[in-house]
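This report describes selected features of a predicted model.

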Amino acid sequence: MLIVALIFAVVFCLNIGFAPISFSDILAILGKQIPFLNGSINSSSVSNINETIILQIRLPRILAGAIVGAGLAAAGVMYQGVFRNPMADSYLLGASAGASLGYTLTAIYAGSLALTFLGLGIFQVVAFTGAILTVFLVYFMSRIGNKVPVTTLLLSGIVVNIFILAVQTVFELRSGKALMGIVAWIAGGFTNITWLDIYAVFPFVLAGVIIAYFYTKDLNMLAMGDDTAQHLGVNTEKVRQILLLTASLITGAVVSISGVIGFVGLIIPHMTRLVIGPDHRILLPTSAIVGAIFLIFCDSLARVATGASELPVGVITALTGTPFFIYLLRKRKTSYSL
Amino acid sequence: MVLLRVDGVECRYGSVKILEGVNLSVKEGDFVGILGPNGSGKTTLLKSISRTLKPHKGTILLDKTDIYSMKSVDLAKHMAIVPQESNIGFSFSALDIVLMGRNPHMKRFQMESEKDMAVVKKAMLRTNTWHLADRPINELSGGEKQRVVIARALAQEPRVLLLDEPLTHLDMINQLEIMDLVKLLCVKEGLIVLAVIHDLNLAARYCNSALLLKGSRVFAAGTLDEVLTSENIKTVFKVDAIVRRSIVTNSLFVIPLSPQKPSSPRNCAIHIVCGAGTGTLVMKALADEGYEVTAGVLNILDTDYETAELLNIPTVNEAPFSPITEQTKRANLEMISKAAIVVITSVPFGYGNLSNLEAALWAVKQGIKTYIVDEVPIEGRDFTGGKATALIAELRKHGAISINHPSELPTLVNATHDRMELCKHNQTEIPGHMKNTEPITKPLDSREPS
């Protein structure tokens, strides 16, 4: 049912934009892309411009929103489960800070270089590298012997985040003209998404969610506490490593194309948990789909909300998500705990 | 056949030794109580056996396999743990929680089979939690939650069950039900149980052997009769306790007396006429106040005799179930003559111990302050055809004071003691108050030679 809702959301949002394109045209354009069906669809009424707008501008952007939303929400579920902490979100281990710093440095020192890597822009590659490097730094900083205590990891994450933010500020102050671009990127958005970005990021998110799904039962037991999970036969250290690595790869990947979009990785898992309960076997896939739908709508709003200029999508996620979350939280009779 | 073997285990937190030199071998059907005061290493031992805290030295073998070389999932098929407190934050249903116990028996993507469901249902029925199956765990009461956790442990179908203070949150009926169930599994299905238990009486009732820890070492190990003695309890817990065998449950039971107060010695002797357990509280209370308590005549094997032994109270004693002989009576008078105060408890009087009352009468005639505890009126405990009643009446006539309950004694005695102190300092001002002071003042004088 949620998947149907997701498809509906995609089509519905394709309709949102300044060039008015009818639903029938959208369906015709989409139908043409599906093998076996294209012969039976009459697309004569659809103009080439509209087709380009739908396929090259709106569709990649919407799909990117779906992928990023799903990735952030799924990573949020994993982090919250692994850390048994409701404050954990997908940027906890420094992925956002690392990516931002990478982007900033590139913008200042290498912005004019038209380097590409596997067809991807240098910004994406550096942001991804920055995110992953930061997460590894945090992880190995917290390592004591061959164990990584959860509290140490949380603290290291927070401290490294703050440290990188400080470094980031120093560079921002010296960035001059590039500053506007940096600020806009950090606020998050899907302005210049191409199909290439989607091809690059989708495998990370899909593979990550599938890998994580293998470990959802272990996540349920981790919720009982480390010792209990171990006594129930969970190799806690290994499961934690796998899930942290997976979640970090997802986050790194999505951050590299969307910038830092807050709120989704923190609140979507909570919202979903409030409605469907704590069982990760359901929570993980549901959160991913809810995250996707949520971000598609938020991005569509961001595109059209204030006329010609776009709002950063992070603003929309927070503005629309918070009231709904508070409503869910208040509706519950019993207290909510992670 | 020995199944679980702990060999020379030593555990440390940092450089601090928490446990050292622990050996233990357990076979099928054993119910081992791990006893000891706080900080003696009980939980640490359980942690090292449950593979949570790797020992610094020594090995823990299950079926001759070192548990630290096993995968956690393999160990979980054989061993289940009920922790001290289960902090379950997420609102899983009770059924979800118990189903987690099947995890070690399932493959990663396998769904619960009918067999798994059957095992889970059985475990929940046994722990009386089946009716809670759909309730969220964080809305259950402490006792219900703990029973769900025990059901989860049973769902693992373990051969070894470790319980870490499992009954902390349970009321009496829950405690007994759970322990009865665990004991049944022990006896019928050969389950091995290792339980950290603070309540010595529960341990005595259900365990068939025990390990008593003191200061990170094993102080005593063996059957409960060997381990649970009042000497051991006194040394390890620093609490005087009476250990008896219950006729009803045929298990030992422990009556802890309050820990000895380090009150300053008063250098004042009090003799107690008691027997049949009527003197136990009185002896303890007055000894705690710092008096030099003596008692007699007591028959050996009498409850009060055992209490006196335990509290290191000097007694004049007589062979078991024998009447008091002239010789013993004289020894008793000797002892009474050194006392400043005499207390007669509500002990029943027969011809065997009637001479204790005669001795008390002698004391009161000597001017020794005498208290009679009249908890039960003398008529109800006089088995001498009125002779004891007559003696009590005469005691009263000579100034013995009746009180209703032994709990009034310490205050009264303290007041008397203080007054005597005062008299001793102002002897000239109240002449004649202590006419026959010879036996009384002697011990008092010896305290202050001036």
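## The sheet of chain B

In this predicted model, strand β9 (residues 209-214) of chain B pairs with β10(B) in the antiparallel sense, over five bridges. B:K214 has B:R217, in β10(B), as its bridge partner.

Both strands belong to an open sheet of six strands in chain B, ordered β6-β7-β8-β3-β9-β10, with mixed pairing. Because β6 (79-82) and β10 (217-222) of chain B each have a single partner strand, they form the edges, and one side of each has no neighbour in the sheet. From one strand to the next, the twist averages 15°.

## Helix α1 across the sheet

Helix α1 (residues 42-49) of chain B lies across β3 (31-35), β7 (160-164), β8 (192-196) and β9 of the chain. Relative to β8(B), helix α1 runs at about 145°.

## Helix α6

Helix α6 (residues 172-189) of chain B has 18 residues, which at 1.5 Å a residue should span 26 Å; the distance of 25 Å between its end C-alpha atoms agrees with this. Its buried residues are B:I178, B:M179, B:V182 and B:C186. These cover an arc of only 95° around the axis and therefore lie on the same side of α6(B).

The buried residues of α6(B) pack against β3, α5 (142-155), β7, β8 and α7 (200-206) of chain B. Exposed residues on the other side of α6(B) include B:I173, B:D180 and B:L184. After α6(B) comes B:G190, with a positive phi near 70°.

## Domain division

Chain B is divided into domain 1 (2-254) and domain 2 (269-425). The C-alpha centres of these two domains of chain B are 47 Å apart.

Key:
Residues are numbered from 1 along each chain as its sequence is written. Chains are lettered from A and ligands numbered from 1 in the order in which they are written. This is a predicted model: local features need pLDDT of at least 70, side-chain atom pairs count only at pLDDT 80 or more; totals for chains, interfaces and linings use all residues. Two strands pair if DSSP finds at least two bridges between them. Helices (H or I, at least four residues) and strands (E, at least two) are DSSP runs, numbered from the N terminus. Axes are lines fitted to C-alpha atoms, for helices over the stretch in contact, and angles run from 0 to 180 degrees between N-to-C directions. Two residues are in contact if their C-beta atoms, placed from the backbone, lie within 7 Å. Domain bounds come from an automatic or database domain assignment. The expected span of a helix is 1.5 Å times one less than its number of residues. A residue is buried if 20 or more other C-beta atoms lie within 10 Å of its own, exposed if 12 or fewer, and partly exposed in between; C-beta atoms are placed from the backbone. The arc is that of the directions from the helix axis to the C-beta atoms.
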